[in-house]
Amino acid sequence: MALSETENECPGGEGGESIVQTCVLGGFGESCETRALLSSLSEVHGSMVTSESATQRFLVIMNRYQEQPHLLDPHLEWMLNMILEFVRSEKSPPSLVHLSFKFLYIICKVRGYKIFMQLFPHEVADVQPVLDLLSRQDPKDSETWETRYMLLLWLSMTCLIPFDLYRLDGHLESDGGKAREPTMDRILAIAKSYLLVCDSPRDAASVLVSKFMTRPDVKQKRLGDFLDWSLTTISQTSDQSVRDIMVLDGALQSLVNTHTHRSHKPAACIPVSPTILQCLEQKNLSESSQAMLRKLGVKLIQRLGLTFLKPRLATWRSDIPTRVICITHRYTNSICVCVCVCHLLVGLKDKETIVRWSAAKGIGRVTGRLPKELADEVVGSVLDCFSFQETDNAWHGGCLALAELGRRGLLLPSRLTDVVPLIVKSLTYDEKRGACSVGSNVRDSACYVCWSFARAYEPEELEPFVTQIASALLITAVFDRNVNCRRAASAAFQENVGRQGTFPHGIDIVTAADYYAVGNINNCYLNISVYIASFPEYTEAMIDHLIAMKINHWDSVIRELSTKALHNLTPKAPNYMATTVLPQMLPMAVGIDLHGRHGAIMACAEITHALYKLDCTVYKMLFIQKDYLFVTYSLIFILLHLQVAVVSALSALCEEYYQDEPGQANSGMQDVLVSQYIEGLKSPQMLTRCGSALALGSLPRFMIHSKLNQVCLGNQMCTVSQKDGSFTEARRDAVKAIAQVCVKAGVCAHGSPDSALCSENVAGVYGALLNSMNDYTTDSRGDVGAWVREAAMTSLMDVTKLVASIAPEILLVKCMMCCLAQQAAEKIDHYRAHAGNVFLRLLHSTEPAVPHIPHQEELLSIFPTTTSLNWNAPSQAFQYITQLLGLPQYQYHTLLGLTVSVGGITESTVHFSSQSLFDYLRGIQDNHAALTQFGDALLSIFRDNLRNDRVSIPFLKMLDQILANSCFEIFTTQDNHQFCVDLLALCKECKKTKDISKLRACVTVFCGLIQFQGEVRKKVLSQLLMLLCHSYPVIRKTTASQMYEMLLTYDDVINPEMLDDVMTLLSDTNCDLATVRTHRNQLCDWLGVPRPQVVTKVTRISEAVGGQHAVRIYEG
């Protein structure tokens, strides 16, 4: 054995240096070890462990020669003889025989059965022993299938003895006086039986049939019967079960091999060939779900087609020196030939490659025996596969068929004008399917067609098409995504260079783009492409291909490599890039295809950068062209992750090119850009709105001078747009843009509202930002309005610091600080922390100091400048923020923020926020004024958010906790306290909802209100008793359960003597509504509450009920 190592250096670039190692074996180096293994078979066969060990070792040795099996040829004979000694020995036990055949199968698998089976002894004396040994095998034994497989191959060779088989029979009477079956019948019976099995011996049985049925004596006596048996088997089976599939496979293999054998005379099968063809048509194998059956059907049809034609080659073929041209005789059975050709053409479109490949070879073989006119019709039918209405399977099959026709000389030069354009299209065939694409097999087979052209035509015949073929092959060899396609194209190009000699710069290119060099895709795109583009014949074709096919590719890696390749190719054709390529890509950069947009933008950048490095005069003119201006304000409408980079580039572009004088904008450009972006804020496309807002925020100061009012108004309109869940990202970006524009414009208290932030427009700016603090939009992603609130907090801080440093007298601080306090008390940790940090930064700011902050001294005592507070931690944040409840200016907003925290669902947030709230309430427990003020704030929040479930449901949950903790105990001593009366009235409004969670919360609050004295208690009981008869069973059950607990907690609600009866009735609330209403009325009597009265409400529905009055009953 010899090991050779070759190095292939890539010419720099990202591909680096690739080392290709090839293992080349010089001979069979394990001869001695193999001989020892074979000799030890008699010793190891008895133990499963030793036999498995020997088998595995032999497999390792043999598998090394899978790529070079011919190295085994000098050693096959002695290995076979050593093994057959064990087989022939009468002393060998069955385990040794089976192990010997297993070793034979391993050798046969590596070398191939066609070569190995020829070494089997095939003398007359071998027929009977092999036949007897095979007869003793069990076809159902899955452990010994290798034995049966090798015996069938051995029997196939013994069938070739040149004597009639009847001479082997002798006297057909056995010792027992019974008639013995003739050898011919025994072999045929064995072959038939093994054609129907489900394992590999079926394939060996088909080989046996092909050898056996072509013997003259067997053909004369048994061929007809065998064909009848095969056709009957095919007709009576289906492909619906595994068993039938195996039977069909065996029968079809036998027919295929029978019609394939070289010693067979096709004329002998002509009488039955139409019958076989008719059987196949009735079977309709092309519709089978089994690819192997479809393949065998196609193979058999092509063999049948050849039997209908004389075995002569056409005189009209292209001259191929290695073949001898014979005279064509007239064909027979033209209808059958047409049927066969039609089936083969259908096979070209099959979904499996093995079927298409078999059909293509059949097309080539059959066409080679047809007259020129009919053969040209076949070529025309093959060309019909190249329609864009056909699938990639049809294109692949068509390419394979054209390659077979071409290499056989059956594709005449007159057809090249039709064929070459189709092959050029096939070389770049790539169809998007979902997240990937198909077509690599089409491109690979198109390379095969080009390879066949090199062998089929004279140079002068192919010369008119050399440029097209060469360019297409090089584009595939360099830019194809699939490495096999690149290598196939390289091989086809090399074949044409060697045989045709007309490909421009062929030798130079073959040296740079050989089989190994094109293996690295980075090397292909970044280095080899540049070398090939240095030859003018290929430059523009390569650039055009990248623009048309690769910068919009579905694979982002290919798009990025393509743009880098365009950068490297720009020095080869700078004028073409600037005047032709860039104008093509600008519309793509704002197209609807995201992949195309991405690739076009990167390509514009790479080409522009390359032109800049070249100091190209064309480059300097690009920025004043209308199309390039178009892209400067249109690139913002692209993918979100690119917008930040694009708007920063826009700012630099304006600074560099859109100033008439330093600090003075070009008025025309200013009007166009600002108007375009403001119009984009009204777009129905979310990305367009986002991009427009970001662009306005990134414009330099001189571009928004005298446009400030217009820009701010546009962004303010965007911040209040569509609170239904759409355009959330656009509102966020618009909020950011307002602050950016204001910071760039500056502040002047008495200045012009078009040029600076002043007393006239500051209220509008603050109003837009404060409105954004109330954006609680939700969608499938959750609380997306938090993005807007976060941006609004940051923007308010930036604008406030700016105004405070220049014109503090126009500041609007109160509402801002209150809204920040509300956000700092809410439930989402991240946004609470952001609000708290902004609140403290404004409070503690000294340069500049922020004036007019309400309760500033009290705030500084709560949050001294030395405070180190982790706002993300509920355990720390809420104990500070609840102290703001004692400051009148902040009480409402702080309590509003605490509402969603205390009534939320996050355990840690609920625990610490409610704990801090109750600590505050315990501190004012005896302060009637403070508690009244707190109650008024509660009622205001409830009243303002009665229809807002985001607040009202958490509010009711929070209120339930407050009542359960007796925080209003000072109010309960007074009959009909106004707080309870107002609260009851608001809860009665909530009771009308259909939201189950809100109704449940109402029930718990009603039960908490029972602690208040006076007439209000009866009203509360009345509401609870009405809820006992609610239409929702779950509400009835909840109400009964809560009332049960309420009566146990507050023992003064009912007479103790009736308590047990009331409890019993409350426990039975799962009855129907009529029964529950009866129980409810009984409870009303016991509790001293008036029974609810049935209210009749008449509604006119004249048309719906024929003019009558529909009466609906309501209970109040």
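In this predicted model, Phe-971 sits in helix α48, which covers residues 969-972. Is Phe-971 buried or exposed? Its relative accessibility is 1%, so Phe-971 counts as buried. The cut-off that matters here is 20% relative accessible area, because a residue under that value is called buried. Leaving out residues up to four places away in sequence, Phe-971 touches His-928, Leu-931, Thr-932, His-977, Phe-979 and Phe-1012. One of these partners, Phe-1012, shows how sequence and space can be compared. Phe-971 and Phe-1012 are separated by 41 residues in sequence, and their C-alpha atoms are 7.5 Å apart.

What share of the contacts between residues at least 6 apart in sequence joins residues at least 24 apart? The share is 69%.

The next topic is the nonpolar cores. In soluble globular proteins, nonpolar side chains tend to be buried together. In this model the largest nonpolar core has 200 residues. The members that touch the most other members are Phe-120, Met-150, Phe-212, Phe-453, Leu-473, Phe-493 and Met-585. Which helix gives the most to this core? Helix α5, residues 94-111, does, with 11 residues. Another core lies apart from this one and has 148 residues, including Val-803, Ala-824, Cys-980 and Ile-1035.

Phe-493, one of the members named for the largest core, can be looked at on its own. Once its neighbours within four places in sequence are set aside, Phe-493 is in contact with Ala-470, Leu-473, Leu-474, Phe-503, Gly-506, Ile-509, Val-510 and Tyr-538.

Two of those contacts, Ala-470 and Tyr-538, also take part in the packing of helix α22 against helix α26. Two packed helices are described by the angle between their axes and the distance between the axes. For α22 (residues 466-479) and α26 (residues 536-550), the angle is about 55 degrees and the axes are 10 Å apart. This angle is why α22 is called oblique to α26. The crossing of the two helices is right-handed. On the α22 side, the contact is made by Ala-470, Ser-471, Leu-474, Ile-475 and Phe-479. On the α26 side, it is made by Glu-537, Tyr-538, Ala-541, Met-542, His-545, Leu-546 and Lys-550. Sorted by class, the contact has 8 nonpolar, 2 polar and 2 charged residues.

The last topic is the backbone in some of the loops. Most residues other than glycine have a negative phi, and most peptide bonds are trans. His-505 has a positive phi, near 55 degrees, although His-505 is not glycine. His-505 is in the loop between α23 (483-499) and α24 (506-512). With a relative accessible area of 32%, His-505 is partly exposed. Ser-706 is another residue other than glycine with a positive phi, near 70 degrees. The loop that holds Ser-706 runs between α35 (701-704) and α36 (708-719). The relative accessibility of Ser-706 is 38%, so Ser-706 counts as partly exposed.

Which peptide bond is cis? The bond from Glu-847 to Pro-848 is, with omega near 0 degrees. Pro-848 belongs to the loop between α41 (829-844) and α42 (856-862).

Definitions and conventions
Residues are numbered from 1 along each chain as its sequence is written. This is a predicted model: local features need pLDDT of at least 70, side-chain atom pairs count only at pLDDT 80 or more; totals for chains, interfaces and linings use all residues. Side-chain values use heavy atoms; hydrogens and water are left out. A nonpolar core is a set of buried Ala, Val, Leu, Ile, Met, Phe, Trp, Tyr and Cys residues joined through side-chain atoms within 4.5 Å. Buried means under 20% relative accessible area, exposed over 50%, partly exposed in between (1.4 Å probe, protein chains only). Helices (H or I, at least four residues) and strands (E, at least two) are DSSP runs, numbered from the N terminus. Contact means heavy atoms within 4.5 Å. Axes are lines fitted to C-alpha atoms, for helices over the stretch in contact, and angles run from 0 to 180 degrees between N-to-C directions. Angles under 35 degrees count as roughly parallel, over 145 as roughly antiparallel, 65 to 115 as roughly perpendicular and the rest as oblique. A crossing is left-handed if the near helix is turned anticlockwise from the far one by less than a right angle, and right-handed if clockwise. Ala, Val, Leu, Ile, Met, Phe, Trp, Tyr, Cys and Pro count as nonpolar, Asp, Glu, Lys and Arg as charged, and the others, Gly among them, as polar.
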